[in-house]
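Have the 3D view open as you read, and take the points in order.

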Amino acid sequence: MQKGAVPRVQGFHDHFGGRYQHLRRMVDSLTTSFDRHGFALMEVPLVEGLDLYLRKNGAQVLSRLYSFIDPDRGEVALRPEYTASVIRALASAREITDQPWRVSYAGPVFRNAPGQEGESRQFTQAGIEILGDSSVVADAEVLALACRAVRDAGLPRVRLVVGHLGPLRTLLAHLKVNGQAEGYLLEHLEHRYRGGTGDETVRRRLGLQSHEGEGLLDSEALPEHLAEAVRGATPEEARVLVLTMLDQMGLSIEGTTRTPDEIIDRVLLKARRHAALRGGRGREDLERALDFTEQLSTLRGNPDEIMPRAEALMAHYQVPPEALDELREVLDLLRLYELDGVTIELAPGMARGIAYYSGLIFELYGDQSALGQPGAQICGGGRYDMLASAITGGHGFPALGFSFNVEALAAVVPPNPSPSDGRIGLIVHEPGQRRVAYRMANHLRARGFPVTTHEPGNSSVPERHLRDNGYAAVVILPLPQAARARTEILVFESREDHARLEEVLAIAIEECGFPVECPDLIVAGEVGQ
Amino acid sequence: MTPILQIAVPSKGAMEEPTLRFLGDCGLKVRRTNSRQYSAPMGSGAFLQAVFQRAADIPRKLATGLVDVGITGFDIFSEHMGETRDVIVAVEDLGFARCSLDLAVPEAWLDVTNMEDLVDVAAEFQHRGRPLRIATKFPRLVRHFLLGRGLVSHSLVEGTGALEIAPAMGYADIIADISETGTTLRANHLKPLADGAILRSQACLLVNRARLASSPTRLEALRGVLEMIEAHQRARELVSITANVEGGDMRQVAQTVLRRRDLAGMRGPTLTPVFDPDCPDRVFAVTLVVATSQLAEAKDHLRACGGGAITVQSPLYVFERESTLYARLREKL
C-alpha cells in the first residue's frame, strides 16, 4: 500500500478563504438577479443517464463526459451542463401550457480533460431557462437579463455578441439542403467564425471533394457498378437490381438489424445524391451554401455597420430578407431596456457549436478593451426550440436560456475591496465568563451578526490576531471580579463603516442587558501595542 | 534473493507465446519450470522476475504498483490510459502482436462504406427510437473515436469473447474489434469501414513511473532490460558482410571501398590482412556492417571493389555507445 498523504484528484480544487467567498458572492449575486426577474431556482441530479447527453450535446462536450456504469441504469454520466436535465425534468413534471416556465439553476458541472493536466474539471454554472415561449420578446428578455445580472455582480462593462441562425437556416431550407449536410455547414460556419482556416474537411464531408483531394466524388461512397446500375431505374427496378446483385455476390441482405428495405432505400438515396452531385443542381446548391457560409462567417462588429452588410449578402444569395427580421427586432427591443455599459456586437456568422440552436445565439465577454485584452467569455446561450422534442422523444416546446461560467466571471469581477468579512470575535478570558458569553453570542447572532467566541488562554493580544484574520470587531467581556463591569467594543478601522458598526453593536449588546463601553476607535496599527 | 524488478508478462492468451519468444531472443529467457507457476526468474541473474498476468489486466497491475514493468498490447494500454498517469510507455514498438482496432459493419449494408455513412445510419436508428449499438471490448477508445467523427448518437455494448457474432445474433448492430488480418471479419460477413481504423497496435513495454523514479536499483535493472531489447532490435536491422578483396595495400583497398560511403559500414570498413601464400600482402578481409535492406547493394559494391568469397552473418545483438531507449525513458521520468 502507498503511504503518505492522499493527493487531490487532478483537475479538482479545494476552495476556501477570500477567493471562495468571492466565488460564492458571484453565485449569490447571479441567483438573486434571476430571482428578482421571476426565475425560480431549481436543482437537478448530478448524475443522469448518458443517453440524455447523447441526445443533446455536440462532440465537444461529449468527449469530455465523466461516464461510468450504474448497475441499475447502465451508462450514466456526471452532468456537463444543466439544460438537458432541466428540460427532461420539466417535460416530465407537467405539461408546458401557454404559460411559459422561468427557472434558474446554479451548481457544479463536470467536464473531463484527458491529458490536460492543468485544466479544471469541475466548474460552476449559473443560468436560466425560459420554456414554452417562442416570442422575440423573450429573446430580448434573456439578453437583457444576462447583461443586468453581470452588472449586478459587479462588472460595469461587458461586450455582448449577438448572432442568429436564421439567415443560414433559411438559405439551407430554400435550397433544400438538410440533414447531415446542414450539420456540416453549421460546423464549418463555427470553424471559420472562430478563426479556423481551410474548407477541405467540409468539402469532403459534403461530397464536393474526394478523400484524395482529386476528382469530384468520393469513390468509396457506393460500389461504383451499383451507382451506375441504379441510375435512371424506377425505385422498383432498382430494388430488383440491388437484390440480384447481392445474390450474385453471394450476400444475404437478411439477418442484420436493418431491414432490406432500409438498406435498399439508402442505396437508392445515395445513388440519386451521387448523380445529382456529379454536376447537377445538388452540387451547385451545396457550393452556393458553402460560399454563403464563408461570407457570413466574416461578419462581426457594430450592428449599424454589420446589419446593412448582412442584408446585402442575403440579397446577393437570394435569401428571403425576412430571415433577418427577428434579429432586427431583438436589437430594437434591447434598446428599451436602457442597458448601460454594454457594447453590442452583431455576429450573424456565430454558430456556437451545438446543432440544436435554432435562432438567437449570444455570448457575453468581460470588456477588457481598456487593458488591451479581448476579454474572456463569461456567459453564452440562445434559443433551442428543437431540443425539447429530441430529449422527450416527441413532445416538444420552445426553449431558450443562458449559463454563466461562474469561475470565469469571478476572474474578471474585482473582489469586494473590504478586507473584513464582518465577523465579530467575542473574547472569553476565563471559564467563569462562558455562560454570559454564549448568551451574548446567540443574542447577537439573532440580530444578524456573525459571531465566534474565543478563549485566548495565554495569548496576550487576541485582538491583534483576530484583526489579522479579517474580523471587523472584537467584544471583550468584563472580568467577573473587575471593578467596572462594562463590556468593551473595539471596531477595527479597516472596516469602512466602522462608526456605524460600533453604534449598532453597542445598541445590540445593551439591549441584551450588558452595559457597554466604547473606547476611541482602535487604529489598525495600535492594537495590542 | 528477492528480485529487484518485477515484469508482468501476458499469459493464457494470444500474446503469451510471442512474448516469451521475444524475451528469449533478447537474452531474457523466462525460466518457467511448469506452466502453473505464477512467476519465474527471467534472464541470467536472479534480479528479474516475470509475473504472469492476463494481458488485459497488466495496465491495472502496473497502475497499482504491484509490478514495475509490463508487456502488453498498445490497444490495451490506450484503453486504460485515462486511469493513471503513473503508467507510461517505455518502448512502443516491440515488433510483435500487431493488430488493428476497426469498426466493422455487416457486409449486407451495401450503403455503408465509410464513417459518414455510419453517421447517417446512426441518425436513422435514433429516428426510429433507439441508438446504434456497437459491441466492443474497448469502450473508451471507441467512444472517443466516434465522438471525434461526429457520431454522437450511439450506445456501446461491452462484450468479451467473440464479438463478430453480435450483429448476427442481434445484440449489437455493428462491432469495433481487434483483428490481425480481417479473416475473422469476412468469415462472419462483416466488413471494415474505409476510414474506421480506430487504432493500430503492437506489443509495447510499460513501466510504472513512480516505482522507477523512486528507486535507483530498479531503474538500473530496467536499464539492463532496455539495453537487451534495443540491442536485439538493432541486430535485426543490421548484417555483417565479409569479403576477401585484393588490392595494392591496406589504405588503397580501404579507399576503394570508401568510394561508396553509404555502403562502407557504420563508421568505415574493417580490414584484416589475409595471408594468401600466392599473393602475399595484397589480400584483405573487408568487413562491413550495413542495414539489412542494403545487403544486395553492399554485396555488389564489394564485388565491384574486387571482392570475392563473400560471407554474411546476422549479429545477435548490437550495442551502441549508450542506450537510446533508456535515455528517452529518463526524460519521461
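In what order do the four strands of the open sheet in chain B lie? The points below start there; please keep in mind that this is a predicted model.

1. **The sheet in chain B.** The order is S13-S14-S12-S15, and the pairing in this open sheet of chain B is antiparallel. At the edges you will find strand S13 (270–274) and strand S15 (307–313) of chain B, each of which pairs on one side only. From one strand to the next, the twist averages 20°.

2. **A pair of strands inside that sheet.** Look next at strand S12 (residues 238–246) and strand S14 (residues 283–291) of chain B, which are joined in the antiparallel sense by nine bridges. A handy place to start is Val245(B), whose bridge partner in S14(B) is Phe284(B).

3. **A helix on the sheet.** Helix H11 (residues 295–304) of chain B packs on this sheet and touches S12, S14 and S15 of chain B. The direction of H11 makes about 10° with that of S12(B).

4. **H1 against H5 in chain A.** Now move to chain A, where the axes of helix H1 (residues 17–36) and helix H5 (residues 136–152) come within 9 Å and cross at roughly 135°. H1(A) and H5(A) are therefore oblique to each other, and their crossing is right-handed. On the H1(A) side the contact involves Ser29(A), Leu30(A), Ser33(A) and Phe34(A), which meet Arg148(A), Ala149(A) and Asp152(A) of H5(A). Sorted by class, this contact of H1(A) with H5(A) has three nonpolar, two polar and two charged residues.

5. **H5 against H14 in chain A.** H5(A) also packs with helix H14 (residues 325–336) of chain A, at an angle of about 50° and with the axes 9 Å apart. That makes H5(A) oblique to H14(A), and the crossing is right-handed. H5(A) contributes residues including Val136(A), Val137(A) and Leu143(A), while those from H14(A) include Glu326(A), Val330(A) and Leu333(A). By class, the contact of H5(A) with H14(A) has eight nonpolar, no polar and three charged residues.

6. **Where the chains meet.** Finally, 24 residues of chain B are in contact with 23 residues of chain A. On the chain B side, the elements giving two or more residues are helix H4 (115–127), helix H5 (139–148) and helix H6 (166–169) of chain B. The residues on this side of chain B divide into eleven nonpolar, eight polar and five charged.

Conventions: Residues are numbered from 1 along each chain as its sequence is written. Chains are lettered from A and ligands numbered from 1 in the order in which they are written. This is a predicted model: local features need pLDDT of at least 70, side-chain atom pairs count only at pLDDT 80 or more; totals for chains, interfaces and linings use all residues. Axes are lines fitted to C-alpha atoms, for helices over the stretch in contact, and angles run from 0 to 180 degrees between N-to-C directions. Angles under 35 degrees count as roughly parallel, over 145 as roughly antiparallel, 65 to 115 as roughly perpendicular and the rest as oblique. A crossing is left-handed if the near helix is turned anticlockwise from the far one by less than a right angle, and right-handed if clockwise. Two residues are in contact if their C-beta atoms, placed from the backbone, lie within 7 Å. Ala, Val, Leu, Ile, Met, Phe, Trp, Tyr, Cys and Pro count as nonpolar, Asp, Glu, Lys and Arg as charged, and the others, Gly among them, as polar. Two strands pair if DSSP finds at least two bridges between them.
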